[in-house]
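Student: I have a structure to read and I am new to this. Can we take it one feature at a time?

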Amino acid sequence: PHEEQFFEKPDFRSFSYTFEFWPRNKEEADAVEKIIFLFKYHMHPTKEGGSGGRLFKVPSEFEIHYAYLGQENEYLNRISRCVLSDMTVKYGPDEQFSAFRPNVNGAPPVSTSMTLKFAETQFITKDDILAGY
């Protein structure tokens, strides 16, 4: 059979990062909770005109740079402005929940895995690739 491929439009590049957190004490467990909250907060839109509004303002944009010894690492792809398009959080190692001793907020997990999926907000062209993207 004869098949052909048609070019319709470029796709936005996307990529993901996975972080494993193993806090050793309450302060580190609280820091993990704040990190997760911060990414969750910035990936969602706000309503224009308060809670009764019908229009959404776009979520936060991110600028991600790879660095080595305080300078941009030119061996790695540059990333254009992007948005956080998906976030997955898993509590406990190997899908088994384990927690520290409870406190007034509950029982913090001994392990947390967070995967962040980003999507660039512009199409990358050959000129961008020549520029290091």
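Student: Does Arg-81 count as buried, partly exposed or exposed?

Tutor: Remember first that this is a predicted model. Buried means under 20% relative accessible area, and exposed means over 50%. Arg-81 has 40% relative accessibility, so Arg-81 counts as partly exposed.

Student: With which residue does Arg-81 form a salt bridge?

Tutor: Start with the general idea. Side chains of opposite charge can pair when their charged atoms come close. Here Arg-81 pairs with Glu-61, and the closest N and O atoms are 2.6 Å apart. Arg-81 sits in the loop between strands S5 and S6, while Glu-61 sits in the loop between strands S3 and S4. They are 20 residues apart. Glu-61 is also partly exposed, at 40%. Glu-63 joins Glu-61 and Arg-81 in a network of salt bridges.

Student: How many salt bridges are in the whole structure?

Tutor: The search finds 6. One of them joins the side chains of Arg-13 and Glu-120, at 2.7 Å from N to O. Arg-13 lies in the segment before strand S1 and Glu-120 in strand S7, so this pair ties together parts 107 residues apart in sequence.

Student: Is Glu-120 buried or exposed?

Tutor: Glu-120 is buried, at 3% relative accessibility.

Student: What about pockets? Which helix gives the most to the lining of the largest pocket?

Tutor: Helix H1, residues 26-43, gives 7 residues. The largest pocket holds about 290 Å³ of space. Its lining has 16 residues, and those closest to the centre include Ala-29 and Glu-33. By class, the lining has 9 nonpolar, 4 polar and 3 charged residues.

Notes:
Residues are numbered from 1 along each chain as its sequence is written. This is a predicted model: local features need pLDDT of at least 70, side-chain atom pairs count only at pLDDT 80 or more; totals for chains, interfaces and linings use all residues. Side-chain values use heavy atoms; hydrogens and water are left out. On a 1 Å grid over the protein atoms alone, a cavity is a set of points where a 1.4 Å probe fits but cannot get out, and a pocket is an open set with protein on both sides within 12 Å along at least five of seven lines; lining residues have an atom within 4 Å of a point. Grid points are joined across faces, edges and corners, and a volume is the space filled by probe spheres set on the points. Helices (H or I, at least four residues) and strands (E, at least two) are DSSP runs, numbered from the N terminus. Ala, Val, Leu, Ile, Met, Phe, Trp, Tyr, Cys and Pro count as nonpolar, Asp, Glu, Lys and Arg as charged, and the others, Gly among them, as polar. A salt bridge is a side-chain nitrogen of Lys or Arg within 4 Å of a carboxyl oxygen of Asp or Glu. Buried means under 20% relative accessible area, exposed over 50%, partly exposed in between (1.4 Å probe, protein chains only).
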